[in-house]
Amino acid sequence: MSDIKHLARETVQALTPYLSARRIGGTGEVWLNANESPDCNEYQLDSSNLNRYPEFQPPALINAYAQYAGLDNSQVLTTRGADESIEILIRTFCEPGTDSILICPPTYGMYAISAETCGVEIEEAALDSNFNVDYQAVSRAVNREGGRVKIVFLCAPNNPTGNMLDKQKLVELLEATKGKALIVADEAYIEFCPELTQADLIALHENLVITRTLSKAFALASIRCGFTLAQASVIEMLSKVIAPYPVPDPIAQIATQALSAEGLKIMRERVTILNNNRALLKEQMQQLPCVKEVFPATGNYLLVRFEDSAKVFQAFAEDGIIMRDFANKPRLENCIRITIGSKAEMESTLTTLNSL
Ligand SMILES: Cc1ncc(COP(=O)(O)O)c(C=O)c1O
C-alpha cells in the first residue's frame, strides 16, 4: 500500500465507492442508465453577486419549494442533491461505531455507501417476495432489545423495483418507531406519481423525513439540488451539521426558476410525456419473448427481467444504448433498468429488442 493510503480511515481503505452512471462510463448516443430526463430548459443567471457567499438557505428557493410541497418554510432544507440529504441525516442522527441504519434491499445504493463512509453499521430487512416493504420486519429491527437502528431508509418509488409504500402501514410503522428511529421516505421520483406522496404525514409525525430532488422530473441533475422535508425540530438538527454554504447562488437561481409557476407547468408536461412513453414501452415489452417480467411502472424508469439479460445488454451496447445492469444484484438476476427517455429513444430501445 502507498505511504498515504494507510493514513486514510480503515473504513475508507476498505470502501468500494458507489459506481455512479458517469463513473461506469460507456460509449453510446442514447443514455438511459441514470434516470435523467431527456430534455433541458433555459434559465437566466444574474452574476452581479458572485463575489458574495450565498445565503445558508436561500429564502426564495425555500419559499418556492415549501409552497410546491405544501409545507411551512421551517420544514424544508435544501442540499446538494438528495444524496447530500442522505449523508447529513446519517451524520446528524447516527453515532459512528454504535448506531445503525436499516435498509430494505434491493434498493438505492447510496444509503449503505453513506453509512459506510460515516462508520455507521448497516442492517437489512429485505423487501418481501413482491418487493414491498416488510413493515413487521422493519418494526422488529427498530424495537429489538438492545437495537441501535436510528434511521430506516424506505424508497418510493423504489429504485430499481418501482414499488410504493402503503400509507396505512407506514403510519403504523411511524407510531411503532416513534422516539426511537427516523423513517426516511426517499421520494426522488415522486413527481411521476405525485398522488402517492407521504408529505401530508409530516404534520403528524415528527419521525418522518422525506427526501426529494430536482434531478429527475425537473430535468436538473447537473445542478445538484435536493430537499429534505420534516418537522422543524428535525430540520434544526440537520442545519447544525450541513455545510455553511450548501447551495451555490447560481444553483439557487436556477432551482427557483424551475419551481416558478411556469417551471412547474413545464415539469408537469414533461412528466405526462414521459409517463406516456413509459406506458407504451411497457405495453410493447410485455409482448416480447425475450422479456420475462416488467416491474411496476412508477418512476421514470422500468426494471425488466429478461430471459438472458447479458445478451440483451450486449445488443444495447452494440447499438450505442447505455442501460443500467442489475443482473449481479441479489434477487435481480437477468434484470436491466431502462430510463424512460424521448419517444425516439424508446423506439431505438424497442428496435434493438425486436432484432434479438
Ligand atoms: C432513489 C434515489 N434517491 C436519491 C437519488 C440522488 O438524487 P440526487 O441527484 O438529488 O443526489 C437518486 C439518484 O438516482 C435516487 O435514485
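How many salt bridges does a search of the whole structure find?

1. The model is predicted, and every remark below should be read with that in view. A search of the whole structure finds 12 salt bridges. One of them is formed by Arg-224 with Asp-83, whose closest N and O atoms are 4.0 Å apart. Arg-224 lies in the loop between strand 7 and strand 8, while Asp-83 belongs to helix 4 (residues 81-93), so this pair ties together parts that are 141 residues apart in sequence.

2. The domain assignment divides the protein chain into domain 1 (5-39 + 263-355) and domain 2 (59-260).

3. The interface of the two domains deserves a separate remark. In domain 1, 32 residues are in contact with 38 residues of domain 2. The size of an interface is often given as the accessible area lost when the parts come together. Here the area buried between domain 1 and domain 2 is about 2,600 Å², and carbon and sulfur atoms give 61% of that area. Tyr-18, Thr-298 and Arg-331 supply 24% of the area that domain 1 buries against domain 2, more than any other three residues. Across this interface the rule finds 0 salt bridges.

4. Turning to the sheets, 7 strands form an open sheet in the order 2-8-7-6-5-3-4, and the pairing is mixed. Its edge strands are strand 2 (76-79) and strand 4 (121-124), each of which pairs on one side only. From one strand to the next, the twist averages 25 degrees.

5. Two strand pairs illustrate the parallel part of this sheet. Strand 5 (residues 149-155) and strand 6 (residues 182-186) pair in the parallel sense over 5 bridges; Leu-154 has Ala-185 in strand 6 as its bridge partner. Strand 3 and strand 4 also pair in the parallel sense, over 4 bridges, and the partner of Leu-102 in strand 4 is Glu-123.

6. Helix 5 (residues 110-117) lies across strand 3 (100-103), strand 4, strand 5 and strand 6, running at about 170 degrees to strand 3. Helix 3 (residues 59-69) lies across strand 2, strand 7 (208-213) and strand 8 (226-229), at about 120 degrees to strand 2.

7. An open sheet of 4 strands has the order 9-10-13-12, with antiparallel pairing. Strand 9 (291-294) and strand 12 (324-325) stand at its edges with a single partner strand each, so one side of each is left without a neighbour in the sheet. Strand 9 pairs with strand 10 (residues 301-306) in the antiparallel sense over 3 bridges, and Val-291 has Phe-306 in strand 10 as its bridge partner.

8. Helix 10 (residues 261-285) touches strand 9, strand 10 and strand 13 (335-339), and its direction makes about 10 degrees with that of strand 10. Helix 11 (residues 309-318) touches strand 10, strand 12 and strand 13, and its direction makes about 35 degrees with that of strand 13.

How values were computed
Residues are numbered from 1 along each chain as its sequence is written. This is a predicted model: local features need pLDDT of at least 70, side-chain atom pairs count only at pLDDT 80 or more; totals for chains, interfaces and linings use all residues. Side-chain values use heavy atoms; hydrogens and water are left out. Two strands pair if DSSP finds at least two bridges between them. Axes are lines fitted to C-alpha atoms, for helices over the stretch in contact, and angles run from 0 to 180 degrees between N-to-C directions. Contact means heavy atoms within 4.5 Å. Domain bounds come from an automatic or database domain assignment. Buried area is the accessible area (1.4 Å probe) that two parts lose on being put together, summed over both. A salt bridge is a side-chain nitrogen of Lys or Arg within 4 Å of a carboxyl oxygen of Asp or Glu.
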